[in-house]
Amino acid sequence: MEVKSVNFKPRMTVPSVTDKYWVHTSCGGLNECIQISNGSCLPNCVGYAWGRFYEITGERPKLSRANAEMWYGYTADGYKRSSTPAIGAIACWSKGVVGNGDDGAGHVAVVERIEANGDIVTSNSAYDGTRFYTQTYKKSAGYSFGAYKFQGFILPPCQIKDTTPAMTSKPAASTAFKVGDVVDFTGSTHYTSSTGTRGTAAKPGKAKITAIATGTKQPYHIVHADDTGNVYGWVNETDIGNTSKKKSYNIGDVVQFSGKTQYVSSTASAGLAAKPGAAKITAIAAGAKHPYHVVHTDGKSNVYGWVNAEDI
């Protein structure tokens, strides 16, 4: 039998709420997984992967619609299994004892890109959480993460033609971040999901990006990387900056002070406690140990002294 060939385009952005692949059949869509709300099968990793497989192959999936950790063992679907990643394949994980929903239901995601080192870039959804996000899983970790044990890949029943332009043909924007990057969080609010409307207070500071939901309201999930901040959630793109990028400032510039120490001089050894927040540069001592003198401009901070370059 001749294998069908399909053109493949990676999905790196959230599907429309009216996209038929993620709208339940009872509401005029194509998805047969559990309906979450308002006719949508999202947010839910099972509903997402089932719909994405439909979108890729162009035909109704024979996949399981049970908990994610049950998918890999459901060979009645007739699809091939593999331990090697493939574009368009479904990656499967278990959590706890397979079949025991009380200790976790597992996870499924769709392989959108395979990196040169074997890492996989996937599209995902999370039940009772984020409607859509992208995540990179490491080959060096056997694709497992946290308490989730990798089971294997369910391969699409067709030949995939990747129509994605070569990465070198269109360089990524200089402001782009990836999972694992340590950034400066300069905001004051974090959210429980990438589409949340109500946030809670968070302190600025260094943080690591742990997940990305491209195209959403709060596209970066970050976790504080030092004692200065307490951020642990989804944040606005405008509230993070590149901590490794060398910056040039002038007197009068208003910056985000993210440190916790200020000094009485640009060469002082002993420092004094200071709270992070917006501050104005009032003097510069180029080449000095603490080259910027800053003064707080709001009630959140109390900084009034010389500070380190990496703290602004």
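Okay, let's start at the hairpin of E4 and E5: five residues sit between the strands, and glycine 118 there takes a positive phi near 95 degrees. Strand labels, by the way, are DSSP runs of at least two residues, numbered from the N terminus. Keep in mind that this is a predicted model, where local features need pLDDT of at least 70, side-chain atom pairs count only at pLDDT 80 or more, and totals for chains, interfaces and linings use all residues. Residues are numbered from 1 along each chain as its sequence is written, and side-chain values use heavy atoms, with hydrogens and water left out.

Now the pairing, which takes at least two DSSP bridges between two strands. E4, residues 107–114, pairs with E5 in the antiparallel sense over four bridges. On the other pairing, E5 and E6 (residues 133–137) also run antiparallel, joined by five bridges. Look at threonine 122: it's the bridge partner of valine 111, and threonine 122 also stands opposite glutamine 135 in E6.

Last stop, the loop between E5 and E6, where you'll find threonine 130. Threonine 130 counts as buried because its relative accessibility is 5%. What does it touch, leaving aside neighbours within four places in sequence? Threonine 130 is in contact (heavy atoms within 4.5 Å) with Pro43, Ser125, Ser193, Ser194, Ala213 and Trp234.

Key:
Buried means under 20% relative accessible area, exposed over 50%, partly exposed in between (1.4 Å probe, protein chains only).
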